[in-house]
Amino acid sequence: MTVSLNGKTALITGSGGGMGRSHAVLMAERGADIIVHDIKADGAEETAQLVRSNGQKATVILADVRNVPEFTDKIANAEANHGKIDILVNNAGVSGKHRMIEEIDEEIFDEMFGIQVRGSFFATKTVVAGMKKRKMGKIITISSIYAMGGSDFACHYSAAKAALSGFTKSWARELAPYKIQVNAVAPGFVLTDMTRGSNTPEMIKERGAGMPLGRLTEPVDISYAVAWLASEETEMVTGQVISPNSGEVIVGY
């Protein structure tokens, strides 16, 4: 039986392409209306059309998550248009581009933390008020295996994703009295335009060959986890980080 999201409204940041678009389409297929956020108009509208083709309502908001007043005002307007936001997926991100410490200047560092950490914090802050009033809500943040085990490159990316995992665990405790579940999904290497842009075909092939489950992760594999965490089946799941990663990283707690 397919997990239903009928009657729900989801805001997905960075959903004009890649994993964000995959999340939007799958959740629309399962009955959710979608607020599509991105910085690029063309990609956002393409995602919105895919949502509408599944018979669901789609609203597009265009904003740089680092411009907090504009970003949060547009979220509030979209929430008023839909009547509520039941689900937030903090998906907007930027690649670490295999940068070493010496290659990371202030601008690159600030971009990483501004998009990943600051953007996720203020998106969450904006939707929480309505969720608290209704005493229900789902917040799902996209972390990474590099937050779990570190990396030998792009330390700024690993650190930003680790901050998101920290938010997840703290928000889960803070918002539990309001019946709001907060979890994170930590992908491994996922075949998206972003990863293709920062890895050569040879690197991608080698990465896939070393996966315990025998293949690289596709965006929809991550979307299945996101949609499940957004559903009513996870009322007792909060503060958790789950990692669909083809067995690339296996850790114990």
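Let me begin with Thr-126, whose side chain reaches the backbone oxygen of Phe-122 at 2.7 Å. That is a polar contact, meaning a pair of N or O atoms within 3.5 Å; within protein, one must be able to donate a hydrogen and the other to accept it, and residues adjacent in sequence count only if both atoms are side-chain atoms.

Before I continue, a word on the source. This is a predicted model, in which local features need pLDDT of at least 70 and side-chain atom pairs count only at pLDDT 80 or more, while totals for chains, interfaces and linings use all residues. Residues are numbered from 1 along each chain as its sequence is written, and side-chain values use heavy atoms, with hydrogens and water left out.

To return to Thr-126, this residue belongs to helix α4, residues 106-134. Helices here are DSSP runs of H or I with at least four residues, strands are runs of E with at least two, and both are numbered from the N terminus. Is Thr-126 buried or exposed? Thr-126 is buried, because its relative accessible area is 18%, and buried means under 20%, exposed over 50%, and partly exposed in between, with a 1.4 Å probe and protein chains only. Beyond its neighbours within four places in sequence, Thr-126 is in contact with Thr-72, Ile-75, Ala-76 and Glu-79, where contact means heavy atoms within 4.5 Å.

Thr-47 sits in helix α2, residues 41-53, and counts as buried because its relative accessibility is 0%. Leaving out residues up to four places away in sequence, Thr-47 touches Ser-15, Gly-16, Gly-17, Arg-21, Ala-24 and Val-36.

I turn now to the chain as a whole. How many helices and strands does the chain have? There are nine helices and seven strands. A compact globule of 253 residues would have a radius of gyration near 18 Å, so the 17 Å of this chain agrees with that expectation. The radius is taken over C-alpha atoms, and the globule rule is 2.2 Å times the number of residues to the power 0.38. Along the principal axes, the C-alpha atoms fill a box of roughly 45 × 45 × 35 Å. Buried residues account for 52% of the 253. Of the contacts between residues at least 6 apart in sequence, 74% join residues at least 24 apart.

Two backbone positions deserve attention. Most residues other than glycine have a negative phi. Lys-135, however, has a positive phi of about 55° although it is not a glycine. Lys-135 is located in the loop between α4 and β5 (137-142), and at 46% relative accessibility it counts as partly exposed. Lys-179 likewise has a positive phi, of about 60°, and is not a glycine. Its place is the loop between α6 (155-175) and β6 (180-185), and Lys-179 counts as exposed, because its relative accessibility is 52%.

Gly-239 lies in the loop between α9 (219-230) and β7 (241-242), and is buried, with a relative accessible area of 11%. Although Gly-239 and Ser-170 are 69 residues apart in sequence, their C-alpha atoms are 7.5 Å apart in space. The contacts of Gly-239 outside its sequence neighbours within four places are Thr-168, Lys-169, Ala-172, Val-182 and Asn-183.

In the segment after β7 we find Pro-244, which is partly exposed at 21% relative accessible area. Leaving aside neighbours within four places in sequence, its contacts include Val-185, Pro-187, Thr-217 and Ala-225. Ser-246 is placed in the segment after β7 as well, and is buried, with a relative accessible area of 9%. With neighbours within four places in sequence set aside, which residues is Ser-246 in contact with? They are Met-211, Pro-212, Leu-213, Gly-214, Arg-215 and Thr-217. The C-alpha atoms of Ser-246 and Val-190, 56 residues apart along the chain, are separated by 9.9 Å.

That concludes my presentation, and I thank you for your attention.
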